[in-house]
Amino acid sequence: MGSGFWEKIIESNRKQAMENKLFLTSRKVTLFNLIGSSGAGKTEIIRRTHEVLQGRFCIQVLQGSAAAQLDIERLQAVGIPSCAARTERQGGYLKAGEVGAALRRLPLSPGSLVFIENPGELFSPVNFDLGEHCRILIHSISEGDLTPLKFPRAYAGVDLVLLNKVDLLPFSGFSRERFTAHLRQVNPDAEELALSCRTGVGLKHWRDWLLRFCGESPFEESG
Ligand SMILES: Nc1nc2c(ncn2[C@@H]2O[C@H](COP(=O)(O)OP(=O)(O)OP(=O)(O)O)[C@@H](O)[C@H]2O)c(=O)[nH]1
Ligand SMILES: [Mg+2]
């Protein structure tokens with residue numbers, strides 16, 4: 001496909017992303033784009049984040065894949081409003097227009113944090129701006145430590161990498177040093193936090209990072 005094809009899509013997406021930003025600002029809502037391959041732990045991280053925030057923020061979720069009904073039910077079961085941003089008929093990658101329409105289907109209130117589960121973005125030819133305030137890449141230990149070099153565009157475009165499933169480190173041959181070096185090659189500025197949804201390690205640091213990002217003070221008991 002010629003570059004004109006992508007230029008048109010990117011330009012139309014840019015306008016929609018601007019509209020999303022205005023919509024979010026007017027409602028005092030913060031939007032996080034959680035990028036990560038299927039199984040990296042996006043839903044589990046959202047569920048655990050909801051637990052450790054202990055009601056301090058209202059969390060809501062947009063599913064960026066049409067095959068997400070099970071995740072919607074999983075999240076709703078623990079009181080997290082969630083809806084799909086795409087239908088089976090929509091091809092290609094998640095775009096700002098779809099996010100804008102889906103945001104209007106969530107019960108947003110001032111201070112809400114919305115997470116997009118975005119499994120397709122790793123393979124997308126461009127980093128689509130969805131109007132988010134922060135792009136976060138979820139990388140799980142089982143994906144190995146070479147992935148930043150395999151998908152450099154995806155890793156270069158994020159503000160934070162959450163290294164999930166660190167409980168699997170002893171069984172995996174994964175090297176944190178190698179992973180960080182590969183990440184630095186493609187994105188010297190990204191922050192990196194390690195956690196495990198299974199054991200809970202690192203969840204409080206992640207929670208406090210989130211609070212600081214939203215301009216709030218951390219919980220008293222954090223250490
Ligand atoms: N051992 C271990 N397993 C985890 C951890 N986090 C998530 N899992 C498991 O990994 C599997 C996938 O997690 P999900 O949260 O469904 O992954 P996802 O990124 O939302 O996947 P999609 O919605 O398909 O894109 C589940 O079986 C989780 O229980 C972790 O920290 N450690
Ligand atoms: Mg999921």
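Which residues does L137 touch, not counting residues up to four places away in sequence?

1. L137 touches I35, G36, A154, Y155, V158 and V161 once residues up to four places away in sequence are set aside. The model is a predicted one, and the points below should be read with that in mind.

2. L137 also has a place in the largest nonpolar core. That core has 46 residues, and L137 is listed with V99, F115, I136 and L162 as the members that touch the most other members. As background, nonpolar side chains tend to be buried together in soluble globular proteins.

3. V99, another of those core members, sits in helix α4, which spans residues 96-103. It counts as buried because it has 28 C-beta neighbours inside 10 Å, where 20 or more are needed. Not counting residues up to four places away in sequence, V99 touches N20, L62, A85, L94, I116, L130 and G131. The C-alpha atoms of V99 and K15 are separated by 13 Å, and these two residues are 84 residues apart along the chain.

4. N20 belongs to helix α1, residues 3-27. With 21 C-beta neighbours inside 10 Å, N20 is counted as buried; the cut-off is 20 or more. Apart from its neighbours within four places in sequence, N20 is in contact with A96, V99, G100, L103, L130 and G131. V99 in turn has N20, L130 and G131 among the residues that it touches. For E51, 31 residues from N20 along the chain, the C-alpha separation from N20 is 28 Å.

5. The ligand site deserves a look of its own. Around ligand 1 there are 18 residues, and the closest are G41, K42, T43, E44 and C197. Sorted by class, this shell holds four nonpolar, seven polar and seven charged residues. Helix α2, residues 42-53, gives the most to the shell, with three residues.

6. How do α2 and helix α3 cross? Their axes come within 10 Å and cross at roughly 10°, so α2 is roughly parallel to α3. Helix α3 covers residues 69-76. On the α2 side the residues that meet α3 are T43, I46 and R47, and their counterparts in α3 are D71, R74 and L75. By class, this contact has two nonpolar, one polar and three charged residues.

7. From α2 the contact takes R48, T49, V52 and L53, and from α8 it takes L203, K204 and R207. The classes here are three nonpolar, one polar and three charged residues.

8. As a general point, most residues other than glycine have a negative phi. K28, in the loop between α1 and β1 (30-35), has a positive phi near 55° and is not a glycine. Q54, in the loop between α2 and β2 (59-63), likewise is not a glycine and has a positive phi of about 50°.

9. Are K28 and Q54 buried or exposed? K28 is exposed, because 11 other C-beta atoms lie within 10 Å. Q54 is exposed too, with 9 other C-beta atoms within 10 Å. The limit for this label is 12 or fewer.

10. R184 lies in helix α7 and is partly exposed, since 13 other C-beta atoms are found within 10 Å. P188 lies in the loop between α7 (176-186) and β7 (191-194). P188 counts as exposed because it has 8 C-beta neighbours inside 10 Å. Its C-alpha atom is separated from that of L103, 85 residues apart along the chain, by 32 Å.

Definitions and conventions: Residues are numbered from 1 along each chain as its sequence is written. Chains are lettered from A and ligands numbered from 1 in the order in which they are written. This is a predicted model: local features need pLDDT of at least 70, side-chain atom pairs count only at pLDDT 80 or more; totals for chains, interfaces and linings use all residues. A residue is near a molecule or strand if its C-beta atom, placed from the backbone, lies within 6 Å of it. Helices (H or I, at least four residues) and strands (E, at least two) are DSSP runs, numbered from the N terminus. Ala, Val, Leu, Ile, Met, Phe, Trp, Tyr, Cys and Pro count as nonpolar, Asp, Glu, Lys and Arg as charged, and the others, Gly among them, as polar. Axes are lines fitted to C-alpha atoms, for helices over the stretch in contact, and angles run from 0 to 180 degrees between N-to-C directions. Angles under 35 degrees count as roughly parallel, over 145 as roughly antiparallel, 65 to 115 as roughly perpendicular and the rest as oblique. Two residues are in contact if their C-beta atoms, placed from the backbone, lie within 7 Å. A nonpolar core is a set of buried Ala, Val, Leu, Ile, Met, Phe, Trp, Tyr and Cys residues joined through C-beta atoms within 7 Å.
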